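My entries follow in the order in which I looked things up.

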Amino acid sequence: MQKESKIYIAGHRGMVGSAIHRALTTRGFNNVVTRTSTELDLRNQQAVGDFFEQEKPDYVFLAAAKVGGIVANNTYRADFIYENLMIEANIIHQAYVNKVAKLMFLGSSCIYPKLAPQPLREDYLLTGLLEETNEPYAIAKIAGIKLCEAYRDQYSCNFISAMPTNLYGYGDNYDLNRSHVLPALIRKFHEAKQGAKPYVEAWGTGSPKREFLFADDLAEACLYLMNNYDGRELVNIGTGEDLSIKELTELVASIVGYEGEIRWDTSKPDGTPRKLMDVSKLHQEGWKHKIELPEGIKLAYADFVNNQEIYAV
């Protein structure tokens with residue numbers, strides 16, 4: 001990418017897209033194209049076609065998606081598969097039609113089989129059954145990967161796919177019914193501390209293990225790959241390190257400063273037992289994360305406290 005290249009970020013107001021936008025702006029890229037969801041409905045094939053024909057971007061970061069935690073994924077199954085399929089199909093096809101130089105599709109670690117060997121290597125894709133609770137979302141993301149591969153195979157498009165691990169950071173979703181585990185814990189412990197509540201209820205058993213990457217680190221990896229990687233195969237983006245949900249919960253409580261009891265609601269689902277990314281390919285490509293989990297949680301918590309009127313609704 002050159003500083004004057006026209007770069008379209010699909011999903012620029014989400015946690016990932018906004019992090020990519022910050023990373024580009026910091027580096028002096030000043031020809032970035034964005035549209036809010038009210039300005040451009042990415043599910044609308046005609047609208048996306050008209051947008052690409054008008055703007056003719058050189059590079060595309062496809063970070064737009066309908067996302068949520070376990071409960072949201074399992075409750076709105078049709079919405080998650082339909083909306084994500086439409087968004088990615090429309091953008092990827094129009095990137096081909098309008099001769100985009102390069103596109104990066106951002107997926108999710110949930111594409112891998114529920115019981116795949118750990119850590120998760122890129123070639124484990126489609127080798128087993130998916131986790132049931134988020135299967136529709138995972139299938140949509142797998143379809144996005146295969147779309148990129150197919151357009152590369154048939155039309156020689158330079159479309160690449162990157163699979164981030166669990167993300168957190170600035171602008172996260174703190175809705176307790178729709179959020180992922182880390183932002184949910186930040187909000188729960190903060191509100192319990194403010195209200196002097198004697199205990200906080202956490203979901204599941206605490207035994208599953210998860211890996212977490214700060215969104216601004218993901219953005220750095222995305223820019224690095226956009227400039228340095230042209231392979232057909234997807235690339236995992238993560239830290240290569242994980243911890244149990246119990247350990248995470250205790251870490252968040254400590255950082256927030258909550259000293260009450262933690263109770264576990266074992267009626268709530270645990271999800272996949274473990275999801276640790278094998279990031280050896282990414283490391284071989286020359287990139288490694290910089291923000292460790294305790295530091296990242298402190299940054300995310302400060303962001304939450306400073307923006308409570310937006311997040312805690």
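Helices (H or I, at least four residues) and strands (E, at least two) are DSSP runs, numbered from the N terminus. The model is predicted, so I note that local features need pLDDT of at least 70 and side-chain atom pairs count only at pLDDT 80 or more, while totals for chains, interfaces and linings use all residues. Residues are numbered from 1 along each chain as its sequence is written, and side-chain values use heavy atoms, with hydrogens and water left out.

**Entry 1**

I looked up the strand order and found an open sheet of six strands, 2-1-3-4-5-10, with parallel pairing. Strand 2 (32-33) and strand 10 each have a single partner strand, so one side of each is left without a neighbour in the sheet. Inside this order, strand 3 (residues 59-62) pairs with strand 4 in the parallel sense, over four bridges. I take contact as heavy atoms within 4.5 Å.

I then traced an open sheet of three strands in the order 11-8-13, with mixed pairing. Strand 11 (243-244) and strand 13 (274-275) are its edge strands, each pairing on one side only. Strand 8 (residues 209-210) meets strand 11 in the antiparallel sense over two bridges. Here Arg-210 stands opposite Leu-243 of strand 11.

**Entry 1: strands 7 and 12**

Which way do strand 7 and strand 12 run relative to each other, parallel or antiparallel? They run parallel, joined by five bridges, with strand 12 at residues 261-265. Val-200 has Ile-262 in strand 12 as its bridge partner. I also followed the side chains along strand 7 (residues 199-203), which alternate. Buried means under 20% relative accessible area, exposed over 50%, and partly exposed in between (1.4 Å probe, protein chains only).

**Entry 2: helices 2 and 4**

Helix 2 (residues 45-55) packs against helix 4 at an angle of about 35 degrees, and their axes are 9 Å apart. The axes are lines fitted to C-alpha atoms, for helices over the stretch in contact, and angles run from 0 to 180 degrees between N-to-C directions. On the helix 2 side I listed Gln-45, Val-48, Gly-49 and Phe-52, which meet Asn-90, Ile-91, Gln-94 and Ala-95 in helix 4.

**Entry 3: salt bridges**

I counted 19 salt bridges in the structure, each a side-chain nitrogen of Lys or Arg within 4 Å of a carboxyl oxygen of Asp or Glu. One of them joins Arg-77 and Glu-132 at 3.1 Å, N to O. Arg-77 is in helix 4 (residues 77-97) and Glu-132 is in the loop between strand 4 (102-106) and helix 5 (135-155), so this pair links distant parts of the chain, 55 residues apart. Arg-77 is partly exposed at 23%, and Glu-132 is partly exposed at 46%.

Asp-242 and Arg-274 form another, with the closest N and O atoms 2.7 Å apart. Asp-242 lies in the loop between strand 10 (235-237) and strand 11, and Arg-274 in strand 13, 32 residues apart. Arg-274 is partly exposed, with a relative accessible area of 28%.

Asp-265 and Lys-268 meet at 3.0 Å, N to O. Asp-265 counts as buried at 15%, while Lys-268 is partly exposed at 26%. I also noted a network in which salt bridges that share partners join Lys-146, Glu-149, Asp-153 and Arg-232.

**Entry 4: cysteines**

How many disulfides does the structure hold? I found zero, taking a disulfide as a pair of cysteine sulfur atoms within 2.5 Å. Cys-148 is buried at 1% relative accessibility, and Cys-157 is buried at 10%. Cys-157 sits in the loop between helix 5 and strand 5 (159-164). Leaving aside neighbours within four places in sequence, Cys-157 is in contact with Tyr-96, Tyr-151 and Arg-152.

Key. Pairing = 2+ DSSP bridges.
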